[in-house]
Amino acid sequence: MSGGSLFDIGSFISRAKSEEFWPDLRSIVDENSTQSAIVEAVIEKSVNSPDWAQKFYRTPLPNVKDGSLNFASGVPDIAYTLRAGLLNAQTLDAFWRKHREPKDSYKVLDFGCGSGRILRFPAEFGDRIVVRGCEVNEYAVNWIRENFPCAVDRIERPFDLGFVTEPVDLIYAWSIFTHFSEREHLLWLESLAGKLAPGGIMLLTFKPLTMVDRIETDPAYRKLARAEKLSVAELKEKAANGYLFYECYDAERSVQHGVDPVTFGNTFIDVGYIRRYWRRFGDVVEIGTAVEGYQDVVVLKKRKVDGIAGWVGDRIAVLRAALGV
Ligand SMILES: C[S@@+](CC[C@H](N)C(=O)[O-])C[C@H]1O[C@@H](n2cnc3c(N)ncnc32)[C@H](O)[C@@H]1O
């Protein structure tokens, strides 16, 4: 048997159409409505009726206006959070299905799950997966632990994933490698790759370096990128090796929420840099769109060769990366 999914939209729609929920949605949609219309109806109903939402999702919605729960994450708007979480889960599912190895069931890790914007969907509507989350923000970890039907661990020390005791088939990190400093991101990649089963997949979103130009031309984006006080010329100079990182979070609040403001800020990476340096952690099998105009995603697949052949293959990849060939 093989299959399984990170987020099964079919089971989401079936739940919406079940006797328990459909009568409440009938004033917004009907049998002939599209899947996206039904998703929007569920969001509308959830926003207007938190009790209904809690029954539908089985887990409470996060208070997106709580700055401690959502520190360094998200937009304080629950409709946006639900819509983006679902769409992002669907996007991850599509990339994963395309590249994974067939198995009966899969172990999945959400690295940097925040308050579960995406994790909610695999945890509730995943098929043949065992998903868990991890996060540095203790407040968010405790909230997920109390409310979600899946495990979550607190990352206590940099690069230490000791709580992952068995190889994982899929690791996804959404809006995480969009924030690390260069050194930090390489060490985290190494640590994550070490937890991946042979043939396992990492799906890692990043902001392409080409988007730095938008800081100059689009004031709303400049604000979103927390780059209001920065000179684009200086940023471009900083990005000379294809990796741009700048600090952008309030130091005191970051530390309070487990985030290191010196190594976690805002990051743009050149696709050439990724192709050159990330292959030491696996094969970059695809780079695609995660959210058009905002983030792309790297599909990194762990090589399957074990033993001496695998070791030699990895060393060659490291050497080629160092030589840029
Ligand atoms: C932009 S949010 C993304 C959250 C979630 N992945 C999502 O898409 O909703 C970034 C998250 O990274 C977490 N974070 C900060 N430093 C981290 C680290 N060193 N390792 C893992 N997560 C970290 C923050 O606490 C925050 O929840």
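A72 has 23 C-beta neighbours inside 10 Å, so A72 counts as buried. The cut-off for that label is 20 or more. The model is predicted. A72 sits in the loop between helix 4 and helix 5. Its phi is near 65°, a positive value in a residue other than glycine. Most residues other than glycine have a negative phi.

A second case is F159, with phi near 70°. F159 belongs to the loop between strand 3 (151-154) and strand 4.

The threshold for buried is 20 or more.

Which residues does G74 touch, leaving out those up to four places away in sequence? They are V64, T81, G114 and R117. T81 is one of the buried residues of helix 5. G114 and R117 are among the residues that come nearest to the ligand. G74 and R253 lie 179 residues apart in sequence, with 16 Å between their C-alpha atoms.

## Ligand shell

By class, the shell holds 9 nonpolar, 6 polar and 2 charged residues.

## Helix 5

Helix 5 covers residues 78-99, 22 residues in total. From first C-alpha to last it reaches 32 Å. That is close to the 32 Å expected at 1.5 Å a residue.

Which residues of helix 5 are buried? They are T81, L82, G85, L86, N88, A89, T91, L92, D93, F95 and W96. An α-helix has 3.6 residues a turn, so residues three or four places apart point the same way. The cover over the buried residues of helix 5 includes helix 3 (35-48) and helix 6 (120-125). It also includes strand 4 (168-173), strand 5 (196-206), strand 8 (283-291) and strand 9 (295-301).

## Nonpolar core

The largest nonpolar core has 83 residues. I171, L203 and L204 touch the most other members. In soluble globular proteins, nonpolar side chains tend to be buried together.

What does I171 contact beyond its neighbours within four places in sequence? The partners are L109, F111, L192, K195, L196 and M202.

## E40 on helix 3

Helix 3 carries E40. E40 counts as partly exposed, because it has 17 C-beta neighbours inside 10 Å. The C-alpha atoms of E40 and E138 are separated by 32 Å. Along the chain these two residues are 98 residues apart.

## Overall fold

The protein chain contains 14 helices and 9 strands. Its C-alpha trace spans about 65 × 50 × 35 Å along the principal axes. The radius of gyration is 20 Å, which agrees with the value near 20 Å for a compact globule of 325 residues.

Of the 325 residues, 40% count as buried. Contacts between residues at least 6 apart in sequence show how far the chain reaches: 64% of them join residues at least 24 apart.

Note on methods: Residues are numbered from 1 along each chain as its sequence is written. This is a predicted model: local features need pLDDT of at least 70, side-chain atom pairs count only at pLDDT 80 or more; totals for chains, interfaces and linings use all residues. Helices (H or I, at least four residues) and strands (E, at least two) are DSSP runs, numbered from the N terminus. The radius of gyration is taken over C-alpha atoms; the globule rule is 2.2 Å times the number of residues to the power 0.38. A residue is buried if 20 or more other C-beta atoms lie within 10 Å of its own, exposed if 12 or fewer, and partly exposed in between; C-beta atoms are placed from the backbone. Two residues are in contact if their C-beta atoms, placed from the backbone, lie within 7 Å. A residue is near a molecule or strand if its C-beta atom, placed from the backbone, lies within 6 Å of it. Ala, Val, Leu, Ile, Met, Phe, Trp, Tyr, Cys and Pro count as nonpolar, Asp, Glu, Lys and Arg as charged, and the others, Gly among them, as polar. A nonpolar core is a set of buried Ala, Val, Leu, Ile, Met, Phe, Trp, Tyr and Cys residues joined through C-beta atoms within 7 Å. The expected span of a helix is 1.5 Å times one less than its number of residues.
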